[in-house]
Every structure is written in structure tokens, then in C-alpha cells.
Amino acid sequence: MLETASSSEDWISSFHPAPDSPVRLVCLPHAGGSASFFFPVSKALAPAVEVLAIQYPGRQNRLDVPPIDNLSELADEIFGALRLRIDDRPLALFGHSMGAVLAYEVALRLQRSGLPSPARLFVSGRQAPSCYRDGRIHRASDDEVVASIQALSGTSQAILDDPEMLAMILPAIRSDYHAVAGYRHDPGQVLDCPVTVLHGDSDPQVSVDEARAWAEHTTGQTDVEVFPGGHFFVVDRSREVIGLLSRELSDLCAGLNR
């Protein structure tokens with residue numbers, strides 16, 4: 001069930017409001033991630049681009065809200081919150097890892113609703129929706145879950161070494177892993193927007209072929225950009241990633257104004 005309009009603002013963080021920007025970028029974080037992951041992106045792109053970062057329940061300022069362990073339900077909630085913020089500016093989506101498939105599902109909901117389709121979908125650190133891998137980590141012990149997080153190098157070791165902090169974040173991480181494990185795409189649904197795929201060349205969770213398979217999920221153009229690095233290359237190569245986002249969003253706006 002969708003949250004009411006009065007609570008939908010909880011889902012969206014705007015770190016650097018830019019009401020006069022010509023384009024908006026909605027950013028969706030990885031499993032266990034939070035809206036603040038995209039603070040550097042928002043800071044770098046403002047005021048040319050207004051970044052709206054999605055805050056999933058069960059973390060940071062929403063720590064007291066139960067996490068959602070179903071990806072379709074999560075996409076429904078995000079779409080319900082986002083549609084209240086849509087104006088006449090073009091909207092692009094950027095999701096990393098779990099956030100990539102969530103961005104894809106939100107894009108489908110925008111398209112089906114009769115609202116303007118996203119001007120572009122950016123996805124990183126995630127295989128195409130039609131590619132599935134073993135997803136049993138949410139059933140593993142706490143030590144095994146922590147080890148899997150450490151292997152991806154996306155979470156501060158200080159947090160993982162702090163028992164109190166770990167106790168706060170593990171429920172959301174398990175919930176996110178459960179949501180990803182249970183996700184199955186609808187083969188009958190295809191996007192009509194262009195897609196840019198960002199891929200780390202040593203990402204243990206995504207092969208080049210799995211990254212290229214995103215082309216099967218849209219009738220628009222698909223571009224695959226490969227960066228040096230592992231699953232969190234978006235952090236290690238943040239300058240290059242933000243540069244790509246800036247160029248493509250600038251080109252998008254220029255194309256719409258022709």
C-alpha cells in the first residue's frame with residue numbers, strides 16, 4: 001500500500017535544492033545504503049541539476065520505520081512519493097546496485113502511468129533485470145553478512161566494527177538482500193528511454209555480458225561505460241562518474257531545447 005501524501009516527503013532528500021535547474025536526477029542507493037550516499041553527487045551537480053536522493057525505510061532519519069523486503073512494493077512506494085514531486089522538468093534516474101533495478105522498476109511505473117518517461121536511466125553495479133544470481137545471503141549468519149559487505153568495500157570498517165552501529169544497520173541490509181533475492185522482472189515490460197550502464201571492470205557481482213544485457217530492457221539506445229574498479233567504483237572513480245552524469249544531462253537538456 002502506498003504511503004499517504006503527508007508522509008511521502010520522508011522518501012526524498014534534497015540536499016541542494018535547485019528549483020531553477022533545467023533537469024532533475026533521482027538517485028536510488030544500493031542495498032543497505034542511504035540517501036546520504038549521493039550527497040557528493042548532489043553537491044557536484046548543483047545548481048545545474050537538482051538531485052533528489054531516495055531514503056529507504058529502516059535507516060538514518062527513517063530508522064524507526066520497518067524496512068520493506070519486497071522490491072516491487074518498494075518501487076510502488078518510491079513511485080507514489082516521486083509522482084508528487086514531478087513538474088515540467090525532464091527527469092532522469094540513477095541507481096546503484098539494488099538501486100539500479102529499483103530505478104528500472106520506477107521508470108516502468110512512470111511509463112505505464114501516462115506520466116513522461118524518464119529522459120534517461122543510469123544504472124551502475126548491477127546486472128540486467130533478466131540476469132539472476134544466487135541470492136541466499138540474507139539467510140546467512142551475521143558474520144557471513146558482514147563478510148559479504150566487507151568484500152564489496154562499500155561500508156566503512158569503523159561501522160562494521162561497532163556492535164551498536166552494526167545492530168542498527170543489519171536489519172535493513174538483510175531486508176534489502178531479501179528484496180533483491182526475491183525479485184523477478186516481467187519479460188513483457190520494456191522501457192522506451194535511453195539507458196546508460198556504468199560497469200566496474202573488476203566488479204565480482206556483474207560481468208560485462210550481464211551489463212550489456214540491459215539493452216534487452218529498452219527500445220531506446222543503450223550505452224555501456226566501463227570504469228576501472230570493483231563494485232563500488234562509483235566511489236573510487238567519483239570524479240569520472242559525476243563528470244559523465246554532468247555531460248549526459250547537459251546534452252539531454254541541449255537536445256530538448258533544439
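Okay, let's start at V146, which sits in helix α4, residues 142-152. Helices here are DSSP runs of H or I with at least four residues, strands are E runs of at least two, and both are numbered from the N terminus. V146 is buried, at 11% relative accessible area. Buried means under 20%, exposed means over 50%, and partly exposed is in between, using a 1.4 Å probe and protein chains only. V146 and L166 are 20 residues apart in sequence, and their C-alpha atoms are 8.9 Å apart in space.

Quick note on what we're looking at. This is a predicted model, where local features need pLDDT of at least 70 and side-chain atom pairs count only at pLDDT 80 or more, while totals for chains, interfaces and linings use all residues. Residues are numbered from 1 along each chain as its sequence is written, and side-chain values use heavy atoms, with hydrogens and water left out.

Now the overall picture. The chain has nine helices and seven strands. Of its 258 residues, 50% count as buried. Take contacts, meaning heavy atoms within 4.5 Å: among those between residues at least 6 apart in sequence, 82% join residues at least 24 apart. The chain exposes about 11,700 Å², with carbon and sulfur atoms supplying 51% of that. Those areas come from the Shrake-Rupley method with a 1.4 Å probe, and for residues only the protein chains shown count as cover.

On to the inside. What I'm calling a nonpolar core is a set of buried Ala, Val, Leu, Ile, Met, Phe, Trp, Tyr and Cys residues joined through side-chain atoms within 4.5 Å. The largest one has 49 residues, and I78, L93, L102 and L121 have the most contacts inside it. Helix α3, residues 98-113, gives this core its largest share, 10 residues. There's also a second, separate core of 24 residues, and V23, V51, V234 and C253 are included in that one.

Which residues does L121 touch, leaving out those up to four places away in sequence? Among them are L93, A103, Y104, L191 and W214.

L63, M165 and M168 make a nonpolar patch of about 230 Å². Patch residues have over 30% relative accessible area and no salt bridge; like charges are joined within 9 Å, and nonpolar side chains (Val, Leu, Ile, Met, Phe, Trp, Tyr) within 5 Å. A salt bridge puts a side-chain nitrogen of Lys or Arg within 4 Å of a carboxyl oxygen of Asp or Glu. M165 lies in helix α6, residues 163-181, and is partly exposed at 31%.

Next, some backbone details in the loops. The peptide bond from A46 to P47 is cis, with omega near 0°, and P47 is in the loop between α1 and β3. Q60, in the loop between β3 and α2, has a phi near 45°, a positive value in a residue other than glycine. S97 isn't a glycine, but its phi is positive too, about 60°. Buried or partly exposed: which is Q60, and which is S97? Q60 is partly exposed at 42%, whereas S97 is buried at 10%.

Last stop, H231, in the loop between β7 and α8. H231 is buried, at 3% relative accessible area. Its side chain makes a polar contact with the side chain of D203, at 3.0 Å. A polar contact is a pair of N or O atoms within 3.5 Å; within protein, one must be able to donate a hydrogen and the other to accept it, and residues adjacent in sequence count only if both atoms are side-chain atoms.
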